[in-house]
Amino acid sequence: MRKEDVINEHTRQAATLVGRARELDNWDGVLRDVAGPWLVALTSEPGMGKSRLMAEFRTRAESAGMLVGAAQARELQRSVAFATLASALDPLALEYRERLSLLRKQYGPELAAVAPSITHSGDSSPSTLNHQRVFGAVHLLLQRLAGERRVVLLLDDLHWADEETIDFLTRLASHPMPRSLILALSYRPRQAPSHLVAAIDALTRSGSALKLALEPLAENEIGTLLGENIPSQRVRDLHGASGGNPLYLAAFAGDVTWGEPAGHATAAIRAELDSLPAALLEIAGAAAVLGTEFDPGILPDVAALSATKVNAALDMLAHRDLIRRSANLGLLAFRHPLVRQEVYNRTGPGWRRATHTRAAQALNASGAAVDQWVHHLEHSATVGDRAAMRAFLRAAVSARATEPATAAHWYAMALKLMPESPSTPGQRGRLTLAHAEALQRAGQLAESRHVFSTARELLQAHSTRLRRRAVTGAARSARSLGLLDEALATLEREINAPDQHLAPPSAILHCELAMVRIAQGAFAEAHDIADHLTATSELQTSVRVETRSIVGLSFIANGDLARGLKHLVTSGQAIDAMTDAEIATCLPSVACTAEADLLAGRYATAQRRAARAVPVAQACGAEDLATPLLITQGMALLAMGSTEKARAAIERAHCIAQASGSAHLLLRSLPALARIMLYQGEATKAIDLCVRAAELIGTKHDRLRALAIAELGHAQLMTSDPSGCLERVVEAGGGPELPAIAPCDRPAWCEILTRAALAKGDTAMASQWAVQAASAVCGSELPIAVAFAALAESHILLAREEAAAAATSAAQAIDGFRRAGNQIESARARLSLGRALAAGGHRKAAVEELGAARAIFARCGTPRLEDEAVRELRRQGIKVARTGTRGLPGGGLAALSRREREVAEHVVRGLTNREVAAYMYLSEKTVERHLSSIFTKLGVRSRVALAMELLPSASPQYLNGENTANAGNIA
């Protein structure tokens with residue numbers, strides 16, 4: 001095999017050396033170059049894979065037929081002259097000793113230093129040798145070894161090499177090297193001898209050397225290294241933790257495809273530490289107690305040693321590259337957190353406890369903030385230590401607003417130090433309540449629910465006000481977990497407690513009760529509670545904001561816009577004036593206010609407030625609040641026509657819900673995501689999401705259940721199943737009066753039911769739903785509700801061939817949607833207006849309205865709705881092309897355009913060509929043409945074969961016999 005072929009083969013086989021293509025290509029270029037000598041210097045931080053790459057260099061050189069000598073310098077051999085050089089040259093000299101006989105006679109003593117196997121043991125000691133003659137002998141040795149082949153000398157870890165080897169290499173790099181020699185050297189740049197580095201740099205500048213610095217792996221390279229099954233967020237986390245260093249990556253990720261087991265990372269660090277003197281390790285341990293980054297100025301106090309000894313030790317640790325200068329002025333840092341951890345683990349528990357105590361004292365005395373030293377008390381404080389308790393409480397209060405999880409931890413530590421005593425239940429109860437509230441703000445709902453219950457018991461006889469806070473907190477956590485019956489029972493038990501005559505129930509209990517009732521779908525009860533709360537005043541601003549936001553939501557959900565806005569505007573203004581730190585303390589109120597804005601049709605305001613609160617909620621770890629905030633943001637963006645941004649927000653909410661493992665949060669995200677997919681033309685996927693939501697519901701009967709099932713009905717209408725839509729939406733609403741749907745939303749669902757009844761051919765039923773939509777807005781000032789009622793009326797009037805009246809109602813709907821800023825529904829109303837105008841013989845005006853609707857749908861990225869507008873324009877004789885995307889180049893499903901994929905999914909569902917045409921607003925001929933193209937691209941000849949081709953990606957409910965009505969059409 002030719003040398004070039006060997007190198008190409010190794011290029012294909014170097015899959016484990018991810019991210020090192022540049023270095024390998026350079027090495028292959030050196031091996032191909034026959035013009036002269038080469039020096040290749042490979043430098044890197046510890047753990048970057050330098051030795052692994054040197055091993056690959058050796059393999060490629062040997063496969064190319066070259067004579068290779070290799071050695072790795074060892075720290076324990078630094079005192080042995082020429083030890084590293086001898087390790088590389090001696091095996092070669094022994095193998096080719098016959099061609100070295102004359103050289104052995106001339107330079108026997110000198111060769112004994114680097115090739116002892118071919119010389120007599122009695123030859124001169126390296127310490128008595130003339131090093132100049134040794135250098136000359138080695139130069140000749142390399143020339144004689146080469147013969148007709150090139151010699152490759154690979155010396156790894158030269159920062160540990162003996163002084164004589166370094167001197168020889170420096171001389172070799174400073175003078176002409178043998179033409180047949182390729183010299184590959186590797187070292188850590190921070191620890192390498194300066195004179196060798198200077199000689200290599202000079203040779204590099206002259207063009208006779210190549211210096212390769214190994215860079216950290218990029219995030220995508222780590223993903224490749226770990227494999228396709230690792231979630232992208234996990235890859236990002238590992239990249240951040242390891243800094244792209246393969247050795248540290250192995251420690252964090254476990255077994256990775258780098259040629260080394262997971263334990264190799266820490267074993268390599270332990271090997272470095274094994275050679276340290278005990279005194280040096282002790283000072284390194286004191287630094288490790290302070291952290292990965294530390295202040296050397298207080299280290300003498302922490303180590304209980306003199307500054308002179310500590311500073312000398314720091315110099316030695318820096319020389320060994322265990323510690324470095326930090327980017328923060330005046331501080332030092334361990335090379336990596338793993339190095340610090342290994343040093344820390346070597347210290348004994350008793351020594352650590354005493355050192356942590358001194359660290360806390362030294363940092364406190366230096367004026368450091370409590371959060372910078374309180375963690376040391378965690379390792380040293382004992383039960384009853386009141387000074388430590390006070391420090392933990394100071395740290396908890398400091399972190400409460402912006403880092404609630406940290407605050408919860410410090411509250412828990414303070415509780416551990418509090419001694420059990422009959423005189424402390426009240427104090428313990430107050431601390432437990434603070435602990436529970438911090439847990440709740442951090443999104444740790446399950447734990448907070450139990451801690452709130454403990455706080456309530458401890459406070460039972462000590463403080464009615466604090467006890468009610470604990471009860472409210474327990475109910476809120478239960479509600480956020482979807483445990484509505486438990487939340488209701490908890491609140492009603494407290495409200496009806498025997499001692500209520502001494503202190504009437506406070507607003508916070510009724511606020512939470514209203515939220516529970518809204519979550520249950522008991523909107524009338526929530527309205528009654530809001531009525532009661534309007535007479536309640538609280539002194540604390542945060543409680544007043546919470547009260548007003550909940551009262552506003554309760555009124556608006558019931559369609560009472562005037563009263564709702566009065567409280568909503570007040571709470572909104574207070575929230576808008578808050579800092580992010582203040583927002584963090586009242587996130588539930590912000591989420592409540594943003595949702596009320598959304599229901600009121602104040603989309604821009606809802607989007608703005610939710611968008612501001614989302615990063616605050618995520619920083620606090622409050623996933624239970626980040627999810628609904630993102631959904632509110634997404635639904636507001638959808639209404640405003642920003643479909644892609646809306647989908648991005650709701651997909652983020654969905655990812656958070658999935659990662660949390662909370663079925664309750666998933667149930668919130670699935671219907672919202674389904675709505676967007678419906679509008680974007682992904683009807684099959686939308687139905688799949690709705691089915692998943694229905695599976696999560698179980699036997700629940702609450703607002704989320706109603707929304708999930710109603711959205712399934714909406715999806716069925718948009719997939720040509722009006723009967724299914726009618727059945728599902730009425731089921732979701734709890735009966736024909738739709739009592740389980742919020743009054744403010746009823747006109748919108750009545751409009752959907754009106755369309756479903758008309759699609760079914762039942763004009764009488766459609767009229768009833770239109771009348772119900774009008775009845776639902778009686779007394780309501782919600783523009784969005786009035787607009788939906790007008791749109792429903794327009795559908796009925798057009799079905800009755802009352803075109804002029806239908807156009808008037810559609811125009812009223814357009815005005816209402818436009819005032820609310822709802823782009824998509826405004827365009828749907830323009831579509832209805834265009835149909836009414838066309839039916840009345842006003843073709844030019846109809847085309848104008850239909851064209852405007854189509855342009856809005858295209859701009860908003862809702863192809864399913866755009867298709868309706870295109871179909872109506874074609875009915876008016878207007879030729880217009882769709883804006884659908886083409887398929888990707890190549891074969892398979894990726895080659896199908898969006899339109900072809902949609903046709904294929906409908907066919908797999910069992911629809912006939914005529915039914916597909918009716919659903920997609922196409923002619924049967926167009927469907928046939930699409931189907932022919934699909935068959936050609938996928939290489940199939942029948943609908944059965946098409947179904948099998950789409951089986952891995954099609955919606956499961958249509959491929960498992962669930963859609964049996966048209967099953968016979970598949971074949």
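Biologist: So buried means under 20% relative accessible area, exposed means over 50%, and partly exposed is in between, using a 1.4 Å probe on protein chains only. With that settled, what is the relative accessibility of Phe 57?

Modeller: Phe 57 is at 0% relative accessibility, so it counts as buried. Before we go on, this is a predicted model, where local features need pLDDT of at least 70 and side-chain atom pairs count only at pLDDT 80 or more, while totals for chains, interfaces and linings use all residues. Residues are numbered from 1 along each chain as its sequence is written, and side-chain values use heavy atoms, with hydrogens and water left out.

Biologist: Thanks! How many aromatic pairs are there?

Modeller: There are five aromatic pairs, where rings of Phe, Tyr and Trp (its six-membered ring) pair if their centres lie within 6.5 Å; planes under 30 degrees apart are stacked, over 60 edge-to-face, and the rest tilted. One of them joins Trp 27 and Phe 57: the ring centres are 4.4 Å apart with planes at 10°, so this pair is stacked.

Biologist: Where do Trp 27 and Phe 57 lie?

Modeller: Trp 27 is in helix H2 (residues 21-32) and Phe 57 in helix H3 (residues 50-63), so the pair ties together parts 30 residues apart in sequence. Helices (H or I, at least four residues) and strands (E, at least two) are DSSP runs, numbered from the N terminus. Trp 27 also counts as buried, at 0% relative accessibility.

Biologist: And what about Phe 294 and Phe 334?

Modeller: Their ring centres are 5.8 Å apart and the planes sit at 55°, so that pair is tilted. It links distant parts of the chain, with Phe 294 in strand S6 (residues 293-294) and Phe 334 in strand S8 (residues 332-334), 40 residues apart. Phe 294 is buried at 2% relative accessibility, and Phe 334 is buried at 5%.

Biologist: Changing topic: which residues are buried in helix H28?

Modeller: In H28 (residues 561-576), they are Leu 561, Gly 564, His 567, Leu 568, Ser 571, Gly 572 and Ile 575. Down the axis of H28 they fall within an arc of 140°, so they line one face of the helix. That arc is taken from the directions from the helix axis to the C-beta atoms.

Biologist: What does the face turned away from the buried side carry?

Modeller: That face of H28 carries the exposed residues Lys 566 and Gln 573.

Biologist: Last one: where does Asp 321 lie?

Modeller: Asp 321 is in the loop between helix H15 (307-319) and strand S7 (323-325). Its phi is positive, about 60°, although Asp 321 is not a glycine. Asp 321 is buried too, with a relative accessible area of 2%.
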